[in-house]
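Colleague: Could you walk me through a single part of this model in close detail? I'd like to follow how that part sits against the rest of the chain.

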Amino acid sequence: MYWTLELASRLEDAPWPATKEELIDFATRSGAPMEVIENLQEIEEEAEVFETIEDIWPDYPSKDDFFFNEEEY
C-alpha cells in the first residue's frame, strides 16, 4: 500500500468518520483512481472506524503544512 498526496486527497470529502467499506464505497462512487480503492482494500482493520485520513495515512500533510506564518518574517 502506498499513498501519495494526490491519491489521499481523493478522500478529503469522504463521510468521516467511516469504516473501510464506507470509504471503498465512497471512492468507487466518486470516481477515485483504482490505486485509491486498492489501498483501501489492503487496510487490515475491517471493523475499525476511521475518524480522518490521518488514521489511514499518518503522514498526510495538514493544511497548516502549506501556509507560512507571516508574523515570523
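Modeller: Helices here are DSSP runs of H or I with at least four residues, strands are runs of E with at least two, and both are numbered from the N terminus. This is a predicted model, where local features need pLDDT of at least 70, side-chain atom pairs count only at pLDDT 80 or more, and totals for chains, interfaces and linings use all residues. Residues are numbered from 1 along each chain as its sequence is written, and side-chain values use heavy atoms, leaving out hydrogens and water.

H2 itself covers residues 20-29, and its buried residues are Lys-20, Leu-23, Ile-24, Phe-26 and Ala-27 (buried means under 20% relative accessible area, with a 1.4 Å probe and protein chains only). Seen down the axis of H2, these residues fall within an arc of 160°, so they line one face of the helix; the arc is taken over the directions from the helix axis to the C-beta atoms. Their cover includes strand S1 (18-19), helix H3 (34-41) and strand S2 (49-50).

Setting aside neighbours within four places in sequence, Lys-20 is in contact (heavy atoms within 4.5 Å) with residues including Leu-40, Ile-43, Glu-45 and Phe-50.

How values were computed: Buried means under 20% relative accessible area, exposed over 50%, partly exposed in between (1.4 Å probe, protein chains only).
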